[in-house]
Amino acid sequence: MNIRLATLADLEAVSAIYAYARKQMAQNGNPDQWGKKHPPLALIKQDIAKQVLYVLETPEHTLGGVFAFICGADPTYQKIEGQWANDRPYGVIHRIAGNGQIKGVFEKALAFCEAKCANLKIDTHPDNLIMQHLITKNDFQYCGIIYTDDQTKRLAYQKVN
């Protein structure tokens with residue numbers, strides 16, 4: 001499994017992965033985190049242009065997963081109801097999703113991100129029990145609650161290596 005920066009040529013496959021993820025979230029009791037449209041096409045294109053969107057690609061060149069990895073301060077993480085483990089520079093994993101056919105997308109993306117930054121943060125919706133399990137299983141510590149731009153609550157976690 002290769003991880004590389006996404007390109008505009010990947011847009012259709014990335015959009016399909018996100019559509020699959022939205023459907024899975026809704027079927028697993030989490031219909032509100034991404035609703036029917038998140039992430040919007042404009043945000044995906046913006047992530048590609050900023051070179052923060054990555055894809056997991058099989059040896060057969062099939063895309064099995066996607067995630068955004070951003071090194072640097074995230075505005076939504078500036079205020080937390082709780083406390084971060086430290087205030088050192090960090091990287092953030094956002095919008096991670098798989099196509100349901102590739103196993104271990106979260107772990108592969110996490111290993112990639114850890115190689116780039118030892119201090120990681122991530123958040124998820126309170127109804128996203130699957131993601132909460134993956135996050136805590138991979139040694140992230142719960143730090144508190146943050147709010148997104150539209151003021152929806154997210155559970156915030158940090159992993160320090």
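Visitor: Is Glu114 buried, exposed or partly exposed, and what is its relative accessible area?

Guide: In this predicted model, Glu114 has a relative accessible area of 24% and is therefore partly exposed, because that class lies between the cut-offs of 20% and 50%.

Visitor: With which residue does the side chain of Glu114 meet in a salt bridge?

Guide: A salt bridge pairs a side-chain nitrogen of Lys or Arg with a carboxyl oxygen of Asp or Glu within 4 Å. Here the partner of Glu114 is Lys159, at 2.8 Å from N to O. Glu114 belongs to helix α3 and Lys159 to strand β8 (residues 153-160), so that distant parts of the chain, 45 residues apart, are linked. Lys159 is buried, at 9% relative accessible area.

Visitor: How many salt bridges does the structure hold?

Guide: There are 5 salt bridges. One of them joins Asp47 and Arg95, at 2.9 Å from N to O. Asp47 lies in helix α2 (residues 41-49) and Arg95 in strand β5 (residues 91-98), so this pair ties together parts 48 residues apart in sequence. Asp47 is buried, at 5% relative accessibility, and Arg95 is buried as well, at 16%.

Visitor: Which residues of α3 are buried?

Guide: The buried residues are Val105, Phe106, Ala109, Leu110, Phe112 and Cys113. They cover an arc of only 160° around the axis, and therefore lie on the same side of α3.

Visitor: What span should the 12 residues of helix α3 have?

Guide: At 1.5 Å a residue, helix α3 (residues 105-116) should span 16 Å. Its end C-alpha atoms are 17 Å apart, which agrees.

Notes. Residues numbered from 1 in each chain as written. Predicted model: local features only at pLDDT ≥ 70, side-chain atom pairs only at ≥ 80, totals over all residues. Heavy atoms only, no water. Helix = DSSP H or I, 4+ residues; strand = E, 2+ residues; numbered from the N terminus. Expected span 1.5 Å × (residues − 1). Buried < 20%, exposed > 50% of the residue type's maximum accessible area, 1.4 Å probe, protein only. Arc of directions from axis to C-beta.
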